[in-house]
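Student: I have a chain to look at and some questions about it. Can we work through them one at a time?

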Amino acid sequence: MTAKEIEILDRINKYAEEKLGDIDPQKTQVSAQLNILMPKLQEIADELGISLEDMFIKYMDLQSEASLTNELKLRESFSDLANDPGNPLLFR
């Protein structure tokens, strides 16, 4: 991920924390969550000169990449524990 992409993802995630902080993501439809994020997505799309749809796709791609990176770091952190037969650690 480039520095610019990290900045974009950070901006959206900070906005999400402000606007979605009090909701339960497990009980709130994804469409409702995305509707709340739309103003920030539109703002960034306008800055980049791209469509809202392209911004949404970019956000989903960046979020997926960040999640994968975090999972790989977590797996690496616990690799010693996962290799200990007396202390099995399962990842799903």
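Student: Which residues does Gln-33 contact, leaving aside its neighbours within four places in sequence?
Tutor: This is a predicted model, so we read computed values. Gln-33 sits in helix α2. Leave aside its neighbours within four places in sequence, and the contacts of Gln-33 are Leu-20, Ile-23, Pro-25 and Thr-28.

Student: Does Gln-33 count as buried or exposed?
Tutor: Buried means under 20% relative accessible area. Gln-33 has 17% relative accessibility, so Gln-33 counts as buried.

Student: What about Lys-40: is that residue buried or exposed?
Tutor: Lys-40 is also placed in helix α2. Its relative accessible area is 15%. The cut-off for buried is under 20%, so Lys-40 is buried.

Student: Which residue's side chain has a polar contact with that of Lys-40?
Tutor: Set aside residues up to four places away in sequence, and Lys-40 touches Arg-11, Ile-12 and Tyr-15. The polar contact is a separate matter. It spans 3.3 Å between side chains, and the partner of Lys-40 is Glu-43.

Student: What is the relative accessibility of Ala-45?
Tutor: Ala-45 belongs to helix α2. Beyond its neighbours within four places in sequence, Ala-45 contacts Ile-50, Ser-51, Leu-52 and Met-55. Ala-45 counts as buried, and its relative accessibility is 0%.

Student: How far apart are the C-alpha atoms of Ala-45 and Phe-56?
Tutor: Along the chain, Ala-45 and Phe-56 are eleven residues apart. Ala-45 is on the α2 side of the α2 and α3 contact, and Phe-56 is on the α3 side. The separation of their C-alpha atoms is 8.7 Å.

Student: How are α2 and α3 oriented to each other?
Tutor: Helix α2 covers residues 30–48 and helix α3 covers residues 52–77. Their axes are 9 Å apart, and the packing angle is about 110 degrees. Angles of 65 to 115 degrees count as roughly perpendicular. Therefore α2 and α3 are roughly perpendicular.

Student: How many charged residues are in the contact of α2 with α3?
Tutor: From α2 come residues including Leu-34, Leu-37 and Gln-42, and they meet Leu-52, Met-55, Phe-56 and Tyr-59 in α3. By class, this contact has eleven nonpolar residues and one polar residue.

Student: How far apart in space are Glu-5 and Leu-62, C-alpha to C-alpha?
Tutor: Glu-5 lies in helix α1, residues 3–20. Glu-5 contacts Lys-58 and Leu-62, leaving aside neighbours within four places in sequence. In sequence, Glu-5 and Leu-62 are 57 residues apart. In space, C-alpha to C-alpha, the distance is 7.3 Å.

Student: What percentage of the protein chain's residues count as buried?
Tutor: The chain has four helices and zero strands. The chain has 92 residues, and the share that counts as buried is 18%.

Conventions. Residues numbered from 1 in each chain as written. Predicted model: local features only at pLDDT ≥ 70, side-chain atom pairs only at ≥ 80, totals over all residues. Heavy atoms only, no water. Axes fitted to C-alpha atoms, helices over the stretch in contact; angles between N-to-C directions. Helix = DSSP H or I, 4+ residues; strand = E, 2+ residues; numbered from the N terminus. Parallel < 35°, antiparallel > 145°, perpendicular 65-115°, else oblique. Contact = heavy atoms within 4.5 Å. Nonpolar A, V, L, I, M, F, W, Y, C, P; charged D, E, K, R; others polar. Buried < 20%, exposed > 50% of the residue type's maximum accessible area, 1.4 Å probe, protein only. Polar contact = N/O pair within 3.5 Å; in protein donor to acceptor, adjacent residues only side chain to side chain.
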